[in-house]
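Please examine the sequence and the model shown here. The paragraphs that follow lead through selected features in turn.

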Amino acid sequence: MIVSPRGVQSEIEAIDLSESAFELISRTLKEKTGICLYEGAERLVVSRLSRFLKPLNFTTFEEYLQYALSPPGVSELEQMINALTTNTTRFFRERGHFDILENQVMPRLVEKAKNGERIRIWSAACSSGEEVYSIAAIVLKCLPNAADYDFRILATDIDSNILEEAEAGLYRISALEDVPPGYAEFIFDKDQSGEVLKVRPEARDLISFRYLNFMDPWPVSGPFDVIFCRNVTIYMDEETQMRIWVGLENVLHTEGFLFIGHSERIGPSLSSRLELFGPTAFRRPTKIGLSSASAMEKKNVTSQYT
Ligand SMILES: C[S@@+](CC[C@H](N)C(=O)[O-])C[C@H]1O[C@@H](n2cnc3c(N)ncnc32)[C@H](O)[C@@H]1O
């Protein structure tokens, strides 16, 4: 018996993983996603990938990988990557960020929106949607008719399965335990008689869900007034983290806000370009030009999503 990615026990036979197959999986994952598997992650790989082999009639990970890395295996590779991402999240995770958003950021954004300006928020690496629906709750609390303005929220992730879940907007009743009093009504439909919570159309319709892999060119142009990019770079090496922070800074509006995870660091070169605004919350100051690094990144930026 092994444990599936969502923690549900299933009767799938664990398959032996050789050292070379583990190395190839680690290398492939790092190259495609930036995620570094930690030493000793063999058990995790076996528990998350074994279920894929039998339906394809493979008995070894070598055979499976050979297929996943061949042209006909493209969608298998996608499923393999989906299975190896870690999607832990919850509503109002790291609550202090949402207090800053509500009390210090939203008053400016409401004013801008009412002046006819364009407002864009990005939940980068949104996982199953709890983060972005928490953001939408604050937006609707502060600006109930946000849909009447040029106010949009982009939510992206590399994991195509988890994005579908996010977009569906269905959650267990127990998720309410994470929602502070006074916010659930902005996220969920009033009729909560069933076993499942359903996201309100007013929150859902503010958001566009899209696939985005930080390791590929980013189909976004910004500028974003607010970016949440939390708890994703913790799985990456320093060089990849730096690339992501520089890319995010590049699409951040002047005076825009960047929120990162509490155990993440933006590094010294960006610390001089972003002002600390609160714990792991940053603001791009007015008087700053594009660094050569940012200018280089800009070449990769297109405007598909905004
Ligand atoms: C731990 S979750 C964080 C969710 C949310 N931001 C939070 O803090 O609660 C990390 C997410 O990053 C996504 N991810 C991992 N590598 C990525 C990449 N290269 N590009 C985009 N998203 C990635 C995963 O699929 C996963 O959903």
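How many salt bridges does a search of the whole structure find? The search finds 11 salt bridges, a salt bridge being a side-chain nitrogen of Lys or Arg within 4 Å of a carboxyl oxygen of Asp or Glu. Helices (H or I, at least four residues) and strands (E, at least two) are DSSP runs, numbered from the N terminus.

The model is predicted, and local features need pLDDT of at least 70, side-chain atom pairs count only at pLDDT 80 or more, while totals for chains, interfaces and linings use all residues. Residues are numbered from 1 along each chain as its sequence is written, and side-chain values use heavy atoms, with hydrogens and water left out.

Two backbone features deserve attention. Gly-222 and Pro-223 are joined by a cis peptide bond, with omega about -5°; Pro-223 lies in the loop between strand S7 (207-211) and S8. Ala-125 is not a glycine, yet has a positive phi of about 70°. The loop that holds Ala-125 runs between strand S3 (119-124) and helix H6 (130-142).

A polar backbone atom of Phe-214 is 3.0 Å from a nitrogen atom of the ligand, and an N or O atom in the side chain of Asn-87 is 2.9 Å from a ligand oxygen atom. Taken alone, the ligand exposes 610 Å², of which the protein buries 99%; accessible areas come from the Shrake-Rupley method with a 1.4 Å probe.

The ligand is surrounded by 21 residues, and the closest are Thr-33, Thr-89, Arg-93, Asp-157 and Asn-231; a residue is near if one of its heavy atoms lies within 4 Å. The shell divides into 7 nonpolar, 9 polar and 5 charged residues, with Gly counted as polar and Asp, Glu, Lys and Arg as charged.

Key:
A polar contact is a pair of N or O atoms within 3.5 Å; within protein, one must be able to donate a hydrogen and the other to accept it, and residues adjacent in sequence count only if both atoms are side-chain atoms.
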